Structures are given as structure tokens and as C-alpha cells.
Amino acid sequence: LSAALYCGWLIRLLSSLNIGIQQGLGLQLSTSLFVLASSWAMVRLGKTVLHSQRFSTWLTLEDPKDEAMLISLLDRLFVIAVIVLGPAGLMVTFGVSSTAVATMLGGAGIGIGFGTQRISQNFLSGFMLFFNRPFKEGDWISTSGLEGTVESIGWYHTRLRTFDRRPLYIPNAVFATNPIENPGQMYNRRIKTSLSLRYEDITRVQTVTEQIRAMLQSHPEIDQNQTILVNFNEWDSSSVNVMIYCFTRTTVWKEWLDVQQQVFLDIAEIVKGAGADFAFPATTFYPAPQLPEDNAIRKLNVA
């Protein structure tokens with residue numbers, strides 16, 4: 001900035017002495033140098049302030065990820081404003097009227113908006129993601145069949161890391177037009193399964209369901225404030241089915257798998273302890289009563 005001021009003063013001095021530079025041109029050149037230097041200085045100063053510890057303290061945001069997203073958003077807006085106002089100031093310096101500059105910027109904005117509609121949509125969707133905050137960096141999300149952990153939310157796209165550790169870049173407009181599932185913000189994980197018992201165990205179903213329900217209601221890893229259901233709910237072709245429905249306290253996938261495994265093993269012990277067993281797909285043939293004794297099907301049944 002000091003160098004620009006000095007060069008501007010030198011140019012105006014030379015123009016006032018009529019040494020190679022006209023006076024009007026010298027004024028324009030010195031002003032242009034000052035505008036360019038001021039724009040560069042404003043960008044540097046703005047970035048320094050936005051990324052300073054004092055500014056972070058002033059924001060008073062509890063979540064560091066939200067704070068990083070807000071600072072990044074303000075940084076982008078500030079740089080765009082300087083990039084737009086700097087050239088506009090140069091045009092005014094070289095004799096273009098301010099009204100014409102404002103009209104041109106407005107028309108250019110409309111033209112760019114129509115010409116780059118998809119880009120503009122992605123760009124504006126990036127701002128929507130910050131203000132609505134359906135997810136943040138570090139969340140596990142799913143949308144339109146795409147799933148992964150959010151690594152960064154950019155101007156144009158959001159980068160996810162899929163479960164096979166591959167980067168996935170999703171245009172921000174996808175999040176504006178499609179539902180977003182954010183399992184990373186769920187309160188519980190659900191255990192839902194169907195227990196198939198044999199038809200000959202129909203008299204033991206009541207005992208099995210009551211014992212499984214009692215086990216779940218006393219399990220330390222099952223959330224007792226959520227719904228717990230254990231009921232005989234279906235006659236299947238080769239089994240009677242019992243629905244088991246509950247929620248774990250933890251939302252961590254690995255811990256949930258451990259809890260679910262323990263619950264399943266406890267259910268297996270309850271079934272065996274009640275004298276019942278699990279059903280498998282099977283077909284039973286019952287010969288008609290009017291078949292003669294020497295019929296092949298009746299002999300097979302006796303065998």
C-alpha cells in the first residue's frame with residue numbers, strides 16, 4: 001500500500017511537470033494504483049481479522065465445526081465483495097459514470113445468472129447448507145442413494161468420504177432438491193428383527209415372548225424410554241413369527257452391533273430354555289385318510 005501511494009505521488013509529480021505523462025492520465029494512473037493496492041490490502045486485512053482468535057471469541061459459537069463454517073462463509077463473501085467493487089472503482093476512475101457501472105454490474109449479474117444457472121444454483125445451495133445446517137463436517141449423511149461422512153462443504157460441491165474410503169464429490173444443488181438423511185444426529189439405534197418358531201412350539205410362544213420382553217426391559221444397553229415390543233404377529237408358511245422391536249442407548253455403529261449380538265444370544269438362550277426351537281423352511285406331507293394301506297405315500301409316511 002505504501003509503495004502504491006509513493007508511485008502514485010511520483011506519477012502525479014511527473015504529470016504536473018509535464019514529463020512524459022499528461023496530467024489527467026497521471027491522476028487516473030495514481031488513483032488506479034491506489035484502488036488496486038487498497039483492494040489487495042483489504043483482502044489481506046479481512047482474512048487476518050476473520051481468522052484471528054479475537055474474532056473467534058467474539059462469535060461465541062460452541063461447536064468448532066459451526067465456527068469454521070461461518071468463518072469460511074464470511075471469508076468468501078468478503079473476497080467476492082472486494083473483487084466486484086475493485087474493478088468497479090477502476091472503471092469510475094477512468095471516466096465511466098457510476099450509473100453506467102451500476103447498470104453494467106446489474107446486467108452482468110443477470111446474464112451470468114442465466115448463463116451459469118447450474119453453477120449459481122450450486123453456489124447458492126452452499127449458502128443454504130450453512131444457514132439451514134442440515135448437516136456439518138463430520139456427520140454421516142445419505143441422499144439420493146449417496147452415502148458417506150462429510151469432509152468439507154465447498155463453494156460448488158460437498159466432499160464425502162464413502163465407507164470404502166473413496167472421496168465422493170456431490171454438487172450442492174443435490175441437497176436443495178433431494179431429502180437428506182442424517183443418521184449422525186440420531187438419538188438411538190433401532191433393533192428390529194423377526195423370530196421364527198416352529199408350529200409345534202405354539203404353546204410356548206407366550207412364555208418366550210414374556211421372557212424376551214422382560215430381558216429387554218432389564219437390559220442396561222436398551223433405552224427404556226423408547227418403545228419395546230415383543231409380540232407374536234404372523235402365521236408364516238412353516239413358522240410362527242415373533243416381532244422384536246427396541247432401541248439401544250448408543251448410536252455408535254460398532255457398539256450397536258455388540259449390543260445387538262448380545263441381545264440375539266440372550267434370545268437364543270430363552271428359546272432353548274423354554275423347550276422351543278427355531279423354525280426352518282420345511283414341507284410336511286399328510287396322506288388323505290381314504291388312501292389304502294398299500295399306497296406308496298402312506299408307506300412313505302409310516303417309514
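Against which elements do the buried residues of α8 pack? In this predicted model, they pack against β5, β6 (229-235), β7 and α9.

Helix α8 has 14 residues, and the distance from its first C-alpha to its last is 20 Å, close to the 20 Å expected at 1.5 Å a residue. Its buried residues are Val-205, Val-208, Thr-209, Ile-212, Met-215 and Leu-216. These residues lie on the same side of α8, because they cover an arc of only 130° around the axis. An α-helix has 3.6 residues a turn, so residues three or four places apart point the same way. The other side of α8 carries Gln-206 and Ser-218, which are exposed.

Which residues does Ile-212 contact, once its neighbours within four places in sequence are left aside? They are Leu-195, Val-230, Ile-244, Ile-267 and Ile-270.

Ile-212 also belongs to the largest nonpolar core, where it is among the residues with the most contacts, together with Leu-195, Leu-197, Leu-216, Ile-222, Val-263 and Ile-267. This core has 23 residues. Two or more residues are given to it by each of β5 (189-197), α8 (205-218), β7 (240-248) and α9 (253-273). The largest share, six residues, comes from α9. Apart from this core lies another, of eight residues, including Phe-135, Ile-153, Leu-160 and Ile-170.

I now turn to α9. The end C-alpha atoms of this helix are 30 Å apart, which agrees with the 30 Å that its 21 residues should span at 1.5 Å a residue. Buried in α9 are Trp-256, Val-259, Gln-260, Val-263, Asp-266, Ile-267, Ile-270 and Val-271. Since the arc they cover around the axis is only 140°, they are on the same side of α9. Among the elements that cover these buried residues are β5, α8 and β7. The face turned away from the buried side carries Lys-254, Gln-261, Glu-269 and Gly-273, which are exposed. Just after α9, Gly-275 takes a positive phi of about 80°.

The next topic is the hairpin. Strands β1 (residues 140-143) and β2 (residues 146-153) run antiparallel and are joined by four bridges. Thr-143 has Leu-146 of β2 as its bridge partner. Two residues lie between the strands of this hairpin, and Ser-144 takes a positive phi near 55°.

Finally, the aromatic pairs. A pair of aromatic rings is described by the distance of the centres and the angle of the planes. The count for this model comes to five aromatic pairs. Trp-140 and Phe-163 form an edge-to-face pair, because their ring centres are 5.7 Å apart and their planes stand at 70°. The pair links distant parts of the chain, 23 residues apart: Trp-140 is in strand β1, and Phe-163 is in the loop between β3 (157-161) and β4 (167-171). Trp-140 counts as partly exposed, at 22% relative accessibility, whereas Phe-163 counts as exposed, at 54%.

A further edge-to-face pair is formed by Phe-232 and Trp-235, with 5.0 Å centre to centre and 75° between the planes. Phe-232 counts as partly exposed, at 31% relative accessibility, while Trp-235 is exposed, with a relative accessible area of 58%. Ring pairs link Tyr-199, Phe-232 and Trp-235 into a cluster.

Technical notes. Residues numbered from 1 in each chain as written. Predicted model: local features only at pLDDT ≥ 70, side-chain atom pairs only at ≥ 80, totals over all residues. Heavy atoms only, no water. Core = buried A, V, L, I, M, F, W, Y, C linked by side-chain atoms within 4.5 Å. Buried < 20%, exposed > 50% of the residue type's maximum accessible area, 1.4 Å probe, protein only. Contact = heavy atoms within 4.5 Å. Expected span 1.5 Å × (residues − 1). Arc of directions from axis to C-beta. Pairing = 2+ DSSP bridges. Phe/Tyr/Trp six-rings, centres within 6.5 Å; stacked < 30°, edge-to-face > 60°.
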